[in-house]
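Work through the exercises below with the sequence and the 3D structure in view. Each task is followed by a solution in steps.

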Amino acid sequence: MTPEDLERAAGDSAVGGVSAYFDHAATSWPKPTGVVDAVVRALTVGGGSPGRAAHRLGLEASREIYAARTACAAFLGARRSKDIIFTRGCTESCNLMLKGLLRAGDRVVVSSMEHNSVARPLAVLARLGVEVVRVAAHENGTMDPASIEAALSAPTRAVVCQHVSNVTGTIQPIAEITRIAHNAGAVVLVDGAQAAGHLDVDLSQLGVDAYAVSGHKGMLGPQGIGLLYLNPELEVDGLLEGGTGGGSETVEMPSSRPDRYEPGTPNTPGILGLGAAVAFLGGEGAAQRDQEQLLTQHLHEGILDIGGYRVSGPAPGSPRGPVVSVVPDSGTPPELAAWLDREHGIACRAGLHCAPWAHETMGTRDTGTCRFGLGYGLTETHVDMLLDALRVYRS
Amino acid sequence: MTRRQKRPFVVFGFETTHDALAAEAVLKAADLRVVPIPAPPVLGALCGIAMRIPPESAGRARDLLAAADLDPVTRAEIEDF
């Protein structure tokens, strides 16, 4: 897809004239052509049931899923592709790693910046007897590894921390937190929803025990697909039981990955779309990530130049994911978001972004923020369009 | 239509489709004539996908799979078309 195609796609929304799409932190749009083609192919040419029959349609679907899983593992730096578990999305991945591991009597240390995909499962687990210790982040959203270390004074089963904040774009020091947690005998579970596809995630370097990924945000795949990386040494219980296409003579689930965690017919169109997205990200899409960083910095600095907006998160120039969240001095974030959509066709999101803990940390619990999530397809023209609109709103 | 004669083969069974397809990729990369088939009952499982190879390639296939950390969970000799 050429830059001209992207400009046209971003300006010709089928739902009515979106000029600039700044809601990539919720879901990426548009998708690369290869992703669309892969989904269509799965629904037309190659629609067999994977992992079951050995006829050519079934085998082809199985082989395509195998190839997609292998590509995802390579892209994320996982040594074994069978440690990549496909799920319905990052929320299911987080539920699997948390509910599959933690039991009554366990103690878990968690950052105060977590999304509800972590906070809500932990609330359920707390009612079942898991001790949940929330550690406050700095007001710019950064978790201080020393704070985590201090919280590990008692025996702890797991440390849970996001990689990138969906509210502020703050990048957490995961490798350092992992080192500290492992020294204390705790495993590390990471919500990578806002990192994968945006940052260069190398699981072999991070050393984490579980890493949850959204398929449809920075990874550029379709909605309804995600994955969970599980360290080969980490044993967790599955969330579901059912048919896996093999070992049908027993009522017990297979012990081997990935079947152990993937009962039922898989989301073949979603998985193949994600595989195509990974191929794109590893090729021509690599330049997109560099562009995202530049555009994010341009937007952040531009908003500060305009004035009249409080920007959450790291200072300009500091590493951050492609998210800029603001609170306007006049009006409210929902009013600003609605005005941008109505008057300028600019799509963004206002509110708490399913992360009330993070807003408590940032001091924006009562107002929420207006969030601009950058990603594939956006250009400097789009960012300047947004800055012009923010200038008008303030005047 | 001429009815084909059955010939001897070796089949390998795996615990997951993922492992079976990984094995297929390894054996194909070595130019072995591997064919995925519905797992025959003789493997002890009544569904799933098994990998069928000519008997003369069985030894080399076993070595290749072991080198790739893909040891089959079952092995059998069958006659097939």
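**Notes and exercises**

Between chain B and chain A there are two salt bridges, a salt bridge being a side-chain nitrogen of Lys or Arg within 4 Å of a carboxyl oxygen of Asp or Glu. This is a predicted model, in which local features need pLDDT of at least 70 and side-chain atom pairs count only at pLDDT 80 or more, while totals for chains, interfaces and linings use all residues. Residues are numbered from 1 along each chain as its sequence is written, chains are lettered from A and ligands numbered from 1 in the order in which they are written, and side-chain values use heavy atoms, with hydrogens and water left out.

**Exercise 1.** Describe the interface of chain B and chain A.

*Solution.* 
- Step 1: Take the contacts (heavy atoms within 4.5 Å). On chain B 18 residues take part, and on chain A 22 residues.
- Step 2: Take the buried area, the accessible area (1.4 Å probe) that two parts lose on being put together, summed over both. The two chains bury about 1500 Å² between them, with 58% of it on carbon and sulfur atoms. Of the area that chain B buries against chain A, 37% comes from E15(B), H18(B) and L21(B), more than from any other three residues.

**Exercise 2.** Which side chains meet in a salt bridge with an N to O distance of 3.2 Å?

*Solution.* 
- Step 1: The pair is K82(A) and D19(B).
- Step 2: Two or more residues each come from α1 (17–29) and β2 (35–38) of chain B.
- Step 3: The largest share, seven residues, belongs to α1(B).
- Step 4: By type, the chain B side that touches chain A has nine nonpolar, five polar and four charged residues.

**Exercise 3.** Where do E60(A) and R63(A) lie?

*Solution.* 
- Step 1: Both are in helix α3 (residues 56–76) of chain A, three residues apart, about one turn of the helix.
- Step 2: Over all chains, the structure holds 23 salt bridges.

**Exercise 4.** Which residues of α11(A) meet α13(A)?

*Solution.* 
- Step 1: From α11(A) they are E335(A), L336(A), W339(A), L340(A) and H344(A).
- Step 2: Their partners in α13(A) are L386(A), A389(A), L390(A), V392(A) and Y393(A).
- Step 3: By type, the residues of this contact divide into eight nonpolar, one polar and one charged.

Note on methods:
Helices (H or I, at least four residues) and strands (E, at least two) are DSSP runs, numbered from the N terminus. Ala, Val, Leu, Ile, Met, Phe, Trp, Tyr, Cys and Pro count as nonpolar, Asp, Glu, Lys and Arg as charged, and the others, Gly among them, as polar.
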